[in-house]
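Please look over the sequence and the structure below before reading on. The paragraphs that follow walk through them step by step.

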Amino acid sequence: MKKLLLGAALIAGMGGMMTSVASAQGMAPFGSEEDAAYAAKIWQAMTEMNLAGASQIHVTPYEGTDPHGMMLETFFASATIDGYTGDLIVKRNYGPVGVSAEEVMSDPAAHLGAVTVMFRREAGYDPDNQNWFWVKYLPDGTLDKNPKGMMLAGMVAKGAEVGCIACHGGAPGGDYVFLADNTAATME
Ligand code: HEC
């Protein structure tokens with residue numbers, strides 16, 4: 001099925017090999033108030049771009065896999081946060097198991113489980129991981145939490161064996177993005 005590509009194609013740039021300062025502090029790399037405030041700005045930008053909120057645009061959802069839900073919509077765009085413009089990837093995760101594209105399209109809000117987002121921040125934010133900021137929102141734009149009660153926003157979960165960064169680290173091309181590679185492969 002078709003995936004809608006908004007804006008320029010994602011360029012897989014190497015984030016540079018600078019040493020990370022933030023990760024050396026011994027603080028949790030995600031879920032701080034600052035991360036939450038930044039995530040709120042991304043949600044605001046998404047709402048203004050009609051990628052979230054009451055006037056959000058829809059495309060035909062495609063079949064997904066764990067952990068992102070059974071039906072997905074994914075949008076590639078760019079957004080400006082605090083004056084910095086970076087790549088924005090928005091994925092809407094629909095369920096439950098067995099739901100059809102038709103059912104999702106007839107009532108998207110009733111089937112939306114979560115919205116997972118990657119935003120490529122300014123150089124130096126997280127050079128180990130190509131400066132991606134990771135967020136998992138609930139359908140109303142508030143932040144989802146992990147079982148320890150930590151908000152899923154920021155470098156989720158840097159240094160851990162599971163989570164956004166660990167799993168996306170296995171994406172082909174080394175850019176932490178799965179879909180762009182697939183999409184590029186099918187665009188002949
Ligand atoms: C266990 C592996 C795994 C984990 C954990 C995971 N993802 Fe993904 N993610 C994937 C796969 C596989 C895809 C591509 C699936 C698809 O859309 O068809 C994907 C796709 C995405 C995309 C669309 C861009 C892309 O890479 O194709 C976003 C955005 C995203 N994930 C965000 C997140 C966020 C945020 C988290 C953490 C809260 C997270 N993911 C955790 C495996 C994972």
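Which residue stands opposite V135 in strand 6? V135 stands opposite A153. This is a predicted model, in which local features need pLDDT of at least 70 and side-chain atom pairs count only at pLDDT 80 or more, while totals for chains, interfaces and linings use all residues. Residues are numbered from 1 along each chain as its sequence is written.

The secondary structure of the chain comes to five helices and six strands; helices (H or I, at least four residues) and strands (E, at least two) are DSSP runs, numbered from the N terminus. Along the sequence they follow the pattern α-β-β-β-α-α-β-β-β-α-α.

The six strands form an open sheet in the order 1-2-3-4-5-6, with antiparallel pairing. Two strands count as paired if DSSP finds at least two bridges between them. Strands of a sheet pair through backbone hydrogen bonds, either parallel or antiparallel. Strand 1 (62-63) and strand 6 (153-154) stand at the edges, each with a single partner strand, so one side of each has no neighbour in the sheet. Touching here means contact, with C-beta atoms, placed from the backbone, within 7 Å.

Strand 5 can be followed residue by residue. Six bridges join strand 4 to strand 5 in the antiparallel sense, with F119 opposite F133 in strand 5. Strand 5 and strand 6 are also antiparallel, and pair over two bridges. Six of the six residues of strand 5 are buried. A residue is buried if 20 or more other C-beta atoms lie within 10 Å of its own, exposed if 12 or fewer, and partly exposed in between, with C-beta atoms placed from the backbone. In a regular strand the side chains alternate between the two faces of the sheet. In strand 5, W132, W134 and K136 point one way, while F133, V135 and Y137 point the other way.

How much of the chain is buried? Of its 188 residues, 35% count as buried. In soluble globular proteins, nonpolar side chains tend to be buried together. The largest nonpolar core here has 35 residues; such a core is a set of buried Ala, Val, Leu, Ile, Met, Phe, Trp, Tyr and Cys residues joined through C-beta atoms within 7 Å. I42, V90, V117, W134, V135 and V156 have the most contacts inside this core. Helix 1, strand 2, strand 3, strand 4, strand 5 and helix 4 each supply at least two of its residues. Leaving aside residues up to four places away in sequence, V135 touches A39, I42, V117, L152 and A153. A second, separate core has six residues, including M70, L72, Y94 and L112.

The ligand comes next. Of the 24 residues around the ligand, T116, C164, C167, F178 and L179 come nearest; a residue is near a molecule if its C-beta atom, placed from the backbone, lies within 6 Å of it. Strand 2 (71-81), strand 3 (84-94), strand 4 (112-120), strand 5 (132-137) and helix 4 (164-168) each supply at least two residues of this shell. The shell has 15 nonpolar, seven polar and two charged residues. Ala, Val, Leu, Ile, Met, Phe, Trp, Tyr, Cys and Pro count as nonpolar, Asp, Glu, Lys and Arg as charged, and the others, Gly among them, as polar.

Some backbone details remain. Most residues other than glycine have a negative phi, and most peptide bonds are trans. The bond from G95 to P96 is cis, with omega near -5°, and P96 is found in the loop between strand 3 and helix 2 (101-106). The bond from V156 to A157 is also cis, with omega near -20°; A157 lies in the loop between strand 6 and helix 4. N50, in the loop between helix 1 and strand 1, has a positive phi of about 60° although it is not a glycine. Is N50 buried or partly exposed? N50 counts as partly exposed because it has 13 C-beta neighbours inside 10 Å. Y176 has a positive phi near 70° and sits in the loop between helix 4 and helix 5 (179-186). Y176 is buried, with 22 other C-beta atoms within 10 Å.

Technical notes. Contact = placed C-beta atoms within 7 Å.
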